[in-house]
Amino acid sequence: MIAIHVGGVLISQAQLLESTLRYDLVPVPVTLEFSVIHSAELEKALVVDAEISVGEFQLPLTLLKVQPLKTQTIKEGKRIGAIACVAIFKGLQSLITPSHKAIIQSATSFNEALRGCGAKASLLNNLPLLEFICLKGRLPTERIALYLQQEAAVMRTVKNRIECTKIDALFKQEPIAKYDPSAVAWVNNPTLKNNQVTSFVSVHSDGSTVVGEDTKAGRPIGYKARLDARQLKNLEKVLVHQGTILRPYDEKMVAGQILEISEKKYVILTVAHRFVSGALGGQPVMASKAWLSALVRD
């Protein structure tokens with residue numbers, strides 16, 4: 001069971017019905033969905049924009065959605081009430097709504113791009129950017145993700161902070177655990193893997209064509225305007241899904257960490273930690289599921 005603190009007070013196991021804590025390598029790298037048994041105290045504490053902290057490192061989150069529910073369980077002649085909540089990393093709320101203004105920056109950085117989009121969270125580790133453009137009405141997360149891909153970078157959580165880091169740097173880490181190949185549900189379809197990698201072409205300002213290094217038959221081909229050879233190469237450096245692993249609840253697994261299987265490193269692209277108390281019926285669940293990826297260069 002994950003520890004969720006509201007106003008500095010821990011939500012007890014008796015109150016928490018279920019939770020799913022998810023880590024991803026995306027501009028909003030952590031989300032939490034959970035539901036609790038209704039009480040007057042929790043109804044007062046769990047409101048939109050309220051701050052909560054989660055897990056061992058007190059990860060700061062902000063509630064985006066709070067919805068009262070009526071369960072199907074009857075107690076003392078009344079249905080037991082519940083409260084369902086959704087939260088994301090604190091300070092990133094502005095990234096998931098369309099921009100109310102145009103943001104145009106040059107010779108900037110990812111930290112400045114986040115600030116320009118209204119985010120209040122700052123990066124633990126920053127990377128430079130030649131430019132950043134997010135027009136009015138566009139979704140900042142989509143634009144930030146595009147520029148991350150052009151720089152072959154990702155965003156992730158490190159303890160209770162977020163950072164921007166190069167994909168190559170992820171594989172320089174030591175693995176947090178080693179598993180037998182039998183523990184993984186592998187994707188054994190070469191065509192499916194191949195379709196996840198797109199080759200790109202572009203055009204210079206002088207009209208000359210720029211072709212990505214990995215443009216080859218059998219892969220999707222995309223066009224991106226005004227990109228140089230370095231950026232095209234970065235676009236083709238992607239993490240390709242290789243398989244999933246289901247383990248007993250292990251909160252230490254976080255997106256961006258490395259697992260070793262058969263002496264090969266795999267990065268955790270996504271991990272979901274799932275808890276179900278079973279208090280309202282059904283089987284209790286405490287499990288962690290990780291989606292494993294690798295760099296495919298051939």
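Strands S19 and S20 pair in the antiparallel sense over nine bridges. Two strands count as paired if DSSP finds at least two bridges between them. This is a predicted model: local features need pLDDT of at least 70, side-chain atom pairs count only at pLDDT 80 or more, and totals for chains, interfaces and linings use all residues. Residues are numbered from 1 along each chain as its sequence is written, and side-chain values use heavy atoms, with hydrogens and water left out.

**Strands**

- Strands (E, at least two residues) and helices (H or I, at least four) are DSSP runs, numbered from the N terminus.
- Val-267 stands opposite Ser-293 in S20.
- S20 (residues 285–295) also pairs with strand S17 (residues 239–248). This pairing is antiparallel too and runs over nine bridges.
- Arg-247 has Ser-288 in S20 as its bridge partner.
- In a regular strand, side chains alternate between the two faces of the sheet.

**Aromatic pairs**

- The structure holds two aromatic pairs.
- Rings of Phe, Tyr and Trp (its six-membered ring) pair if their centres lie within 6.5 Å; planes under 30 degrees apart count as stacked, over 60 as edge-to-face and the rest as tilted.
- Phe-132 and Tyr-147 form a tilted pair, at 5.1 Å centre to centre with 50° between the planes.
- That pair links distant parts of the chain, 15 residues apart. Phe-132 sits in strand S9 (residues 128–134), and Tyr-147 in helix H3 (residues 140–150).
- Phe-132 has 1% relative accessibility, so this residue counts as buried. Buried means under 20% relative accessible area, exposed over 50%, and partly exposed in between (1.4 Å probe, protein chains only).
- Tyr-147 is buried as well, with a relative accessible area of 5%.
- Trp-186 and Tyr-266 have ring centres 5.5 Å apart and planes at 55°, so this pair is tilted.
- Trp-186 lies in strand S13 (residues 184–186) and Tyr-266 in strand S19 (residues 264–276), so the pair ties together parts that are 80 residues apart in sequence.
- Trp-186 is partly exposed, at 29% relative accessible area. Tyr-266 is buried, at 7% relative accessibility.

**Ser-39**

- Ser-39 is found in the loop between strand S4 (30–37) and helix H1 (40–45).
- Ser-39 has a relative accessible area of 16%, so this residue is buried.
- A polar atom of the Ser-39 side chain lies 3.1 Å from the backbone nitrogen of Leu-42.

Conventions: Polar contact = N/O pair within 3.5 Å; in protein donor to acceptor, adjacent residues only side chain to side chain.
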